[in-house]
Structures are given as structure tokens and as C-alpha cells.
Amino acid sequence: MSHARITIDRDFSIADVPRRLFGQFVEHMGRCVYTGIYEPGHPAADARGFRTDVLELVRELGPTVVRYPGGNFVSGYRWEDGVGPVADRPVRIDGAWHTIETNAFGLHEFMDWSREAEVEVMEAINLGTRGVEEARALVEYANHPGGTYWSDLRRRNGAEDPFDIKLWCLGNELDGPWQIGHKTAHEYGRLAQETAKAMKLVDPTIELVAVGSSSRQMPTFGTWEHTVLTHAYDEVDYVSMHAYYQEHDGDVASFLGDAVDMDAFIDGVVATIDAVKAAGKHTRQVDISFDEWNVWYQSGLDSEDQPHQVEKAWREHPRLIEDAYNVTDAVVVGTFLHSLLRHGDRVKIANQAQLVNVIAPIRSEEGGPAWRQTIFWPFARMARMAQGRILRLAVSSTKTPTTRHGDVDDVDAVATWDEESGRLALFVANRSLDGEATVDLDLYGLRATAVRSAEVLTVPEDGDRLTANLVGAPDAVGLRPLDGVALDDGAVRLTLPALSWSAVEFDVARS
Ligand code: AHR
């Protein structure tokens with residue numbers, strides 16, 4: 001049996017909830033775009049080819065912002081190929097994913113889709129094979145009202161009003177040797193600085209994300225951020241982070257504790273940003289865009305999933321990395337969202353990678369159904385319920401020893417308080433595989449008056465920790481009512497099932 005005491009004080013808070021933390025990512029990769037969000041001819045497709053069954057699930061998932069169009073894809077992409085009459089668009093080779101790109105879906109289609117999905121657009125530019133000129137042309141095309149070459153081309157292509165895209169990524173993973181146009185930190189830092197300057201001369205209201213490390217394991221992690229920001233600190237607003245995790249060799253305890261690594265990774269990037277800020281005597285603050293994160297089973301991929309096998313035929317939208325997520329993955333994803341939220345003073349944007357089919361919370365089949373993976377649920381609940389202020393929790397928990405992270409708390413939690421609606425939302429994971437956890441909540445400055453809702457995701461009665469939602473059983477794992485919430489004269493005690501993630505919402509009054 002595990003136990004935790006969580007102390008919450010109304011006056012100890014971290015930041016307002018950055019709503020852009022609940023972002024997703026759509027890349028031209030595998031079946032994310034084609035047969036994912038876009039499939040003309042599907043029974044549920046609208047007149048523009050958007051799958052309305054997928055759109056409904058996206059709205060239910062509730063992302064606030066979606067990064068597009070890549071990913072590794074963007075480092076070889078010509079954005080001009082994806083605008084204008086579809087019949088005139090060139091068919092190209094995408095070297096990043098060994099795929100034929102028809103360009104049937106491009107910028108205008110994505111803008112239309114994002115309006116339907118009710119999300120903000122975060123546009124990535126190609127700084128792999130391209131540079132300053134193509135980047136400033138794209139900003140002019142997207143954001144300038146009219147009367148100039150590129151803005152008038154947009155209008156002729158059917159969009160009279162500017163797209164007004166505020167968030168832009170200055171390339172993707174250019175620290176990685178696999179990236180088309182891979183660069184040293186000096187090369188990228190100068191390019192990012194000059195590209196950012198030119199883009200902001202076209203539209204000074206935009207916000208720019210410089211490429212950070214592709215993972216904490218990169219040999220250049222730390223020095224890359226330091227060098228890039230030494231060049232570009234004054235021109236950029238965010239530096240990116242990417243991280244993917246998986247269960248290695250049956251070491252489930254370490255996997256369940258991987259949010260500890262995510263916390264440390266974020267703390268390291270914050271320290272590096274602030275070191276450059278101090279040394280350069282800068283006054284403005286650069287924050288973090290954690291614009292790719294998820295569980296991704298990178299080792300143990302079957303041969304179908306290896307994108308760089310040149311002997312494979314060039315194909316349109318092949319099946320790539322369509323991981324089926326289980327109960328354990330969903331609990332881990334819940335704790336990653338906790339990590340992002342408790343760093344909400346510095347992590348202002350985050351994008352789970354990717355939205356549909358490709359390591360995704362939503363799956364779809366060509367001509368067939370769409371459904372929710374297990375990892376859909378923590379994201380959907382936190383995107384809706386995390387409102388107002390992020391509270392600073394003091395958690396004192398029993399611990400489990402792990403190989404990779406030392407002793408890890410059995411109970412991991414984060415909370416938000418929305419003064420306007422009078423709601424306190426508590427998100428809490430029990431990482432223990434073999435026992436319930438009891439959690440006592442000590443509230444200071446707030447008094448819980450009612451439990452509004454309490455739901456839990458855990459191992460289903462007829463399943464185990466590896467149970468997943470598959471096409472034949474799409475609802476095997478979901479949320480169910482959490483019975484173990486006791487509220488007695490303001491005192492709160494939760495009883496959480498083994499291996500579970502819960503979302504509990506209280507009505508609270510100031511006390
Ligand atoms: O999300 C899948 C891939 O992971 C992205 O294309 C790339 O940026 C990262 O390595």
C-alpha cells in the first residue's frame with residue numbers, strides 16, 4: 001500500500017496555466033495527414049476531404065495549438081508546393097520519411113482544417129535546405145494583408161484575409177545528424193538569428209521558437225542551446241525541447257518514473273537559457289516550447305516502421321510508427337503532462353507528437369473507423385480542466401526504487417485553481433503496480449465544499465497493464481468513476497487503484 005500527503009496553499013502558485021501547453025502536432029509523415037485528418041472519399045469526409053469523425057475526436061481531445069507541417073519532413077519541404085490549384089502542385093520525394101508527397105494537402109488546407117478544429121496554428125519553416133529568403137516570403141504570404149507579391153498570391157489562391165499566424169518554429173531538430181541540412185550550433189545560431197530578424201521585419205507581432213536539442217541524450221545537449229542563444233537571444237522568444245520515452249527491457253518501474261527525467265531536462269534548459277541571459281545582460285525572458293513529446297517505442301520497431309530503408313519502395317502515406325498505447329503508457333503520459341504543467345512558469349508551449357495515427361492519441365483506418373487510444377484520456381481531461389493558476393504542491397510520498405531514476409514517488413500530482421469558477425482540479429497518478437495508494441490532501445486558504453467529478457483510468461477488470469484500445473476493441477481502456485474520494489468537513493482523502501491516473505475536480509471556497 002502506498003501513501004502520500006499533498007499540501008496545497010492557495011497563496012503558493014507557479015503561474016497562470018499557459019493554455020498553449022495543450023498542443024498537438026500534425027506532420028506530413030505516415031498517415032497523420034493523408035487518411036488521418038484528410039481523406040477525400042471517406043464516408044465521413046466533408047466537401048474539402050476533412051474526416052469529420054477525426055475532427056470530432058480532435059475537438060473532444062481539446063488541443064489549443066497544432067504544430068505543422070513537420071518534423072523531419074519540414075527540413076526538405078518547399079511550402080510553395082502546397083499552395084495554388086491542387087492539379088498544378090508538384091509530386092515530390094520526401095527524403096525524411098522515404099515517402100511520395102502529392103502536396104494535395106498544404107497550407108490553405110491546414111488553415112481551413114485548423115479553423116474547423118478550433119486550434120491555433122504553429123507553423124514550422126524549413127531551415128534545413130532553405131533560408132532567410134523563403135522564410136520571409138512565407139511570413140509575407142501568410143500574414144501581410146495584401147498589395148504585395150506574396151500576399152496577393154495568397155489572395156489569388158482563395159484567402160482574402162491574412163492567416164495571421166503568430167507562432168513560428170525556426171526549423172526542426174537541426175542538431176541531429178539525421179536531419180536534412182543538419183548544422184553545427186554556430187551555423188544554426190547565426191542562421192536562426194538572421195532568419196528571425198528578417199521574419200520580424202515582415203511582421204513584428206510574431207513569436208519565434210529556436211531549435212533546441214532533439215533529446216537530453218544528444219552529445220551536444222547544453223552547449224547547443226548555449227551557443228544558439230548566444231547568437232539569437234534577442235531575436236527569439238522560445239527555445240524548443242523534444243523528448244520521447246519508452247519502456248526498456250521490461251524495466252517498467254523506470255518507465256513509470258520517466259517524468260523525473262523530463263523534470264530534470266526542463267530544469268537544465270531553464271538553467272542554460274538563464275545563463276545566457278545573465279552573461280549577455282539581456283532583460284527579456286526566453287521561455288520553452290516543448291514542441292515534441294510522447295511515448296514512442298523506438299527500439300523494437302518492426303521492419304515496416306523503418307523509414308530510412310532505401311530498398312523499400314517509394315509510397316504515398318505508408319504506415320509509420322503507429323504505436324498502440326496501453327494502460328501503462330497512459331499513466332506515464334499523464335505524468336508527462338504533470339511535469340509540463342508544474343513548469344508552467346517557463347514551459348509556455350508544448351505539443352504532443354503526433355495527433356493522428358503516428359504515435360498518436362487518435363487512430364483512424366483508411367475507409368474505416370476512428371478511435372481514441374489510451375493516452376487520449378489524460379490529455380483530454382487536463383486540456384479541459386486545467387484552468388486558472390497552477391498551484392505549487394508539496395508532495396510527500398512513499399517511494400519505489402528504480403534503475404534509472406533512483407527512488408521515485410509512488411504518487412505524482414499537479415493541481416490548478418480557477419478562482420473565477422471556484423474549482424480546484426487535481427490530477428494524480430499512482431505509479432505503484434501492486435497496491436492502492438491513499439492520498440491525504442491538506443488545503444490551506446481553500447476549503448473543499450463538494451466533489452464535482454472524479455474519474456480514473458486504470459487496468460480494466462478483464463485486462464492487464466498492457467491492454468490497449470485496438471480497432472476491434474476501441475473502448476477497452478477508458479475513464480470510469482473514481483469511487484475512492486472522501487470529503488469530510490473539508491478533509492479530503494483519495495484512494496487510488498494500483499497503476500492509475502485520476503482527474504478530480506472540487507468546488508472550493510476561500511477560507
Ligand atoms: O515525431 C516524429 C519525428 O520525431 C519528427 O519528425 C522529428 O522531429 C522527431 O525526431
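I note here that the model is predicted, and that the count of salt bridges comes to 48.

I then looked up R59 and E118, whose side chains meet in a salt bridge with an N to O distance of 3.8 Å, a value that passes because the cut-off is 4 Å. I placed R59 in helix α1 (residues 52-61) and E118 in the loop between α2 (107-117) and β7 (120-124), so this pair ties together parts that are 59 residues apart in sequence. For accessibility I noted that R59 counts as partly exposed at 35%, whereas E118, with a relative accessible area of 61%, is exposed.

Next I turned to helix α4 (residues 149-156), which holds both R155 and D152, 3 residues apart, or about one turn of the helix. I found that they form a salt bridge in which the closest N and O atoms are 2.9 Å apart. I recorded R155 as partly exposed at 32% relative accessible area, and D152 as partly exposed at 24%.

My last entry concerns helix α5 (residues 185-202), where E194 and K197 lie 3 residues apart, again about one turn of the helix. Their salt bridge has its closest N and O atoms 2.8 Å apart. I wrote down a relative accessible area of 23% for E194, which makes E194 partly exposed, and 41% for K197, which also counts as partly exposed.

How values were computed
Residues are numbered from 1 along each chain as its sequence is written. This is a predicted model: local features need pLDDT of at least 70, side-chain atom pairs count only at pLDDT 80 or more; totals for chains, interfaces and linings use all residues. Side-chain values use heavy atoms; hydrogens and water are left out. Helices (H or I, at least four residues) and strands (E, at least two) are DSSP runs, numbered from the N terminus. Buried means under 20% relative accessible area, exposed over 50%, partly exposed in between (1.4 Å probe, protein chains only).
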